[in-house]
Amino acid sequence: MDATHRAAGSTALLTDRYELTMLQAALRSGAAHRRSVFEVFTRRLPNGRRYGVTAGTGRVLDAVENFRFTAPQLDWLAAQDVVDARTLEYLADYRFTGDIHGYPEGEVYFPGSPLMTVEGSFAEAVILETVILSILNHDSAIAAAASRMTAAAGGRPCIEMGARRAHEGAAVAAARAAYVAGFSATSDLEAGFTHGIPTTGTAAHAFTLLHDTERDAFTAQIASMGRGTTLLVDTYDLKEAVRTAVEVAGPELGAVRIDSGDLTLLAHRVRRQLDELGADKTKIIVTSDLDEYAIAALAAAPVDGYGVGTSLVTGSGHPTCAMVYKLVARESVPGGPLVPVAKRSAGAKSSIGGRKWAARRPDADGVAEAEVVGTGELPGELAGHLLQVPLVLAGETVGREPLAAARERHVRSRAALPLSATQLSKGEPVLPTERTA
């Protein structure tokens, strides 16, 4: 199970009105029950990014399971004259009975990758568009930023601390996505309760300011939390605070946290001071508006961990992935074969019709060299490298997995990319997307 305590509330109104009005019109035209295939993909990565990260898949599965219209919701739709009586009757019994295949959570992706394929009747598949895109666009954006940060951290732990910088629901989803992409813990207790993510946190500046002296604050925290706690040492004078912290806790002090100033310079000074005081095992944690670039700049500093907030929960400047949900195939007659369909508008918003398969071709050394996306027969040499997996079959969820599995997959997936994938300098996607008919 993905979530330790999955919410059971209806997700049916987490949608745009035009999904239901399309349904109404399709029911009237007789096309609503045509078998259809929708595909989630993005035409491009955010500017300068070299790969994307699939995240939110487990939350999508929950959302599809909970996509049920309650009586109060149906009454409201009727009162607002959103859809007619025939459509309300259809919605009252709505259950998704189709199939969903997709990239498993934690897998990397590229422009044109078919991240999720939803197949069913037009009626049951079209109304899932908004909620699926809402989850995947948000969570994948956070995971992509988190992946860049954990790569820059080079094995040092990253802690998610962005709850106060996001909508309360988005904060929980962000903590989950960050964990998929390698963050070790979160400060958000709801994320820990709901998704089983380790939680961490000790005290803020307010706790020091509450007490008459910094020594009193440190003494109280040590008495309550033990010598292995982390003391915040930059409320007043940093050097004096470090000295006091070691005097109060002894050399067994777990860690000190620096939350302001020139972190590189201060980390070196604090490390030297801790060592001179005999606290050579005491760790140094840094916070203060970190992003992947700041983390990379601290690579040579004696830092043991990073706390990241605002930049993480906002996708480090790219809070969405521009994913779209497009109809790519449908029946022309009931029971007939699927016919490819595609948007042919001018500009960059066209799409490619047909149900797609996707594979990642490795070179002779096992390093990925291309994302291959096709609609025809799968080449034999790619048979062992397909990327999509079953998630829902005949309406039954089959792809739910522990969050730890997605986390481990991301490590493997990122490691299989060319080394330039984790460079922070702007560049093109690290793999080309090759298309084959």
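So, what volume does the largest pocket have? About 790 Å³, counting the space filled by probe spheres set on grid points joined across faces, edges and corners. A pocket here is an open set of points on a 1 Å grid over the protein atoms alone, where a 1.4 Å probe fits, with protein on both sides within 12 Å along at least five of seven lines.

Quick caveat: this is a predicted model, where local features need pLDDT of at least 70, side-chain atom pairs count only at pLDDT 80 or more, and totals for chains, interfaces and linings use all residues. Residues are numbered from 1 along each chain as its sequence is written, and side-chain values use heavy atoms, leaving out hydrogens and water.

Back to the pocket. Its lining, meaning residues with an atom within 4 Å of a point, runs to 30 residues, and Met 161, Arg 164, Arg 257, Asp 259 and Thr 287 lie nearest the centre. Strands β8 (230-232), β9 (255-258) and β11 (305-308) each put in at least two, strands being DSSP E runs of at least two residues. β8 gives the most, with three.

Next, salt bridges: a side-chain nitrogen of Lys or Arg within 4 Å of a carboxyl oxygen of Asp or Glu. The structure has 20 of them. Take Arg 360 and Glu 107, with their closest N and O atoms 2.6 Å apart. Arg 360 sits in strand β14 (residues 357-362) and Glu 107 in the loop between β3 (99-102) and β4 (108-109), so this pair ties together parts 253 residues apart in sequence.

Definitions and conventions. Helix = DSSP H or I, 4+ residues; strand = E, 2+ residues; numbered from the N terminus.
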